[in-house]
Amino acid sequence: MNLPNKLTVARVIAVPFFVIAYLLGPKFLWCFWAALVLFIAASFTDMLDGKIARKRNLVTNFGKIMDPLADKILVYSAFCLMVGDGTVPGWMFIVILAREFAVSGMRTVAASEGIVIAAGMSGKIKTVLQMIAVPVLILAHALPQFGIIMIIGQVFLWASLIMTIYSGIEYISKNRKVFSQ
C-alpha cells in the first residue's frame, strides 16, 4: 500500500478516536480539544494524500474510491454527533446526506455504463467548507465563553449547506444522461 492510501486509511482509523473524544467533551473539556486536533489532523491528511498521489504518480483505484469515502466518514460522523448535541439541525444533516446519496447513486449508475463522473469544483468547495465548519463548531464547544466562535461556525455550516445544494443540483443537471440510460 502506497503512502497516499495509508494516509486515507489513517483518516478512517482516526474517526472512532475522534468520536470518543467528542462524546467525552461535555464531561472532560480537554476531550473537545483532543477531538479538534484529531479532526484537523485527519482533514489535513485529505489534502496531503491527494498532493502526494498526484506528484508521485501514485493515483490508484483504491484511492479514487476510498479518499472521498474517508472524507464523508469523517465529516458526517462529526455532523451526526453535532445533531445529537443540537449544534447541527437534523433536517440540515438529512439534506446533506440526501445530496451525497443522490450523487453517489448517479456515480454508481454511470460507472456501470462505463461513464466516470469526476468531482466538480463546487463539490470540492462544499467539502472544504464542511471541513472548516466542523473544527470551528468544536472550538465553540471548547470555548463556550466566546459565543462569536459558534456564530462563525454556523456561518460556515450554512455556507456548506448552500454549496451542498448547489453542487447537488449541478451534478444532476450536468449528468442528466445517466438517468435516461
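## Phe39 and the nonpolar cores

In this predicted model, Phe39 touches Phe18, Leu74, Val75, Ala78, Met131, Val134, Pro135 and Ile138, leaving aside residues up to four places away in sequence. A second, separate core of six residues includes Met106, Ala110, Ile117 and Val178.

The largest nonpolar core has 29 residues, and those with the most contacts inside it are Phe18, Tyr22, Phe39, Phe79 and Ile138. Two or more residues of this core come from each of α1 (3-24), α2 (29-55), α3 (61-84), α4 (90-112), α5 (121-142) and α6 (147-174). Helix α3 gives the largest share, seven residues.

## Salt bridges at Arg11

The model contains eight salt bridges. In one of them, Arg11 pairs with Asp46, with the closest N and O atoms 3.7 Å apart. Because Arg11 belongs to helix α1 and Asp46 to helix α2, this pair ties together parts that are 35 residues apart in sequence. Both Arg11 and Asp46 are buried.

Arg11 also meets the side chain of Asp67 in a salt bridge, at 2.5 Å from N to O. Asp67 lies in helix α3 and Arg11 in helix α1, so this pair links parts that are 56 residues apart in sequence. Arg11 has a relative accessibility of 0% and therefore counts as buried; Asp67 is buried as well, with a relative accessible area of 19%.

Lys174 forms a salt bridge with Glu170, the closest N and O atoms being 3.6 Å apart. These two residues, Lys174 and Glu170, are both in helix α6, four residues apart, about one turn of the helix. Lys174 counts as exposed at 58% relative accessibility, whereas Glu170 is buried at 18%.

Through shared partners, salt bridges join Arg11, Asp46, Asp49, Asp67 and Asp71 into one network.

Notes. Residues are numbered from 1 along each chain as its sequence is written. This is a predicted model: local features need pLDDT of at least 70, side-chain atom pairs count only at pLDDT 80 or more; totals for chains, interfaces and linings use all residues. Side-chain values use heavy atoms; hydrogens and water are left out. A nonpolar core is a set of buried Ala, Val, Leu, Ile, Met, Phe, Trp, Tyr and Cys residues joined through side-chain atoms within 4.5 Å. Buried means under 20% relative accessible area, exposed over 50%, partly exposed in between (1.4 Å probe, protein chains only). Contact means heavy atoms within 4.5 Å. A salt bridge is a side-chain nitrogen of Lys or Arg within 4 Å of a carboxyl oxygen of Asp or Glu.
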